[in-house]
Amino acid sequence: MTTPTLFDTTTPAAPAAAGPIPKVIGLDVAMGISGIAGEGWTDYVKAKGSSQHSRFEQQLAGIADHTRHADFAVIEGAAYGHNNQGADALAAMRWMVRHDLWKRRIPYAVVTPGQRMIYAVGTAAPVDPDTSQRLKGAALKAALRQAVADTYGITTEGEAKYDQADAYILMAMGLHWLGYPLAVVPDTHRRALDSVRWPEREAVTAR
C-alpha cells in the first residue's frame, strides 16, 4: 500500500463515486482546542493540562480516538504569513498528529487556511458586503461557520464552534476529492481542490 508520504499534485477530484463512503476525518489541530469532524457530525478536543507536554498528550489521545478507524484525514496546515509565540508548539502538535497517522498507515492531506476558505466561500479574502472591507479575525471565522450551516446544514455552537466548522470544511474537501461531494459546489469553490497536495487516491480507496 502506498504510504501517506507519496503525493500526487496533479490528480483532480474524482468523478462521483458509488459504493460505501470512506470514513474521512477533518482536523483543525491546535494546542488548546482542536476541531474534529466527520460526515454529519462535529466534535472537539480541549487540552487543560498544566504543562505543554501534558497538553500535547491530551490532544494526541483525543484526536486518535476519532481517527483510529479513519480511511483518510484532512488536516489544516499553517498560515505562513502569521507569526506568534505559539507557532513552534503548534507546528510540533500538527507534526505529531501527522506522524501518528503515518504510523497507523492512515493517508492524510494538509490544506492551507486559504484553500479551506476558498472551498467554503469562493475566495481566500472575503469582504463585508456592506463596507467592502476585508473580513478579519472573528468576522472571517464567522463567515466560514455560516457557510458550513448554509451549505451542509451543520450549525456549530459553543466555545469550539469555529474550530469545528473549519474541520467540517476540511472533511468535505476530502470527500469531494474522493468523489463523494456532500453538496453542489460551484467551480469558484471547487478550484481549491486543485491546489491541495493530495496523496495517491489508491492509498485511500484500497483501505
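Is Ser-34 buried or exposed? In this predicted model, Ser-34 is buried, because its relative accessible area of 1% falls under the 20% cut-off. The residue belongs to strand 3, which covers residues 33–38. A polar atom of the Ser-34 side chain lies 2.9 Å from the backbone nitrogen of Ala-30. Leaving aside residues up to four places away in sequence, Ser-34 touches Asp-28, Val-29, Asp-43, Tyr-44, Val-45, Gln-59 and Ile-63.

Phe-72 sits in strand 5 (residues 72–76) and Trp-177 in helix 5 (residues 161–178), so the pair ties together parts 105 residues apart in sequence. Phe-72 is buried, with a relative accessible area of 0%, and Trp-177 is buried with a value of 0%. Another tilted pair joins Tyr-152 and Tyr-168, at 5.5 Å centre to centre and 55° between the planes. Here Tyr-152 comes from helix 4 (residues 137–152) and Tyr-168 from helix 5, so the parts tied together are 16 residues apart in sequence. Tyr-152 counts as buried at 16% relative accessibility, and Tyr-168 is buried at 4%. Phe-72 and Trp-177 also form one aromatic cluster with Trp-198.

Charged side chains meet aromatic faces as well. Arg-98 lies over the face of Trp-95, 4.2 Å from the ring centre, while Lys-161 lies over the face of Tyr-162, at 4.8 Å from the ring centre.

How values were computed. Residues are numbered from 1 along each chain as its sequence is written. This is a predicted model: local features need pLDDT of at least 70, side-chain atom pairs count only at pLDDT 80 or more; totals for chains, interfaces and linings use all residues. Side-chain values use heavy atoms; hydrogens and water are left out. Helices (H or I, at least four residues) and strands (E, at least two) are DSSP runs, numbered from the N terminus. Buried means under 20% relative accessible area, exposed over 50%, partly exposed in between (1.4 Å probe, protein chains only). A polar contact is a pair of N or O atoms within 3.5 Å; within protein, one must be able to donate a hydrogen and the other to accept it, and residues adjacent in sequence count only if both atoms are side-chain atoms. Contact means heavy atoms within 4.5 Å. Rings of Phe, Tyr and Trp (its six-membered ring) pair if their centres lie within 6.5 Å; planes under 30 degrees apart count as stacked, over 60 as edge-to-face and the rest as tilted. A charge sits over a ring if NZ of Lys or CZ of Arg is within 6 Å of the ring centre and within 35 degrees of the ring normal.
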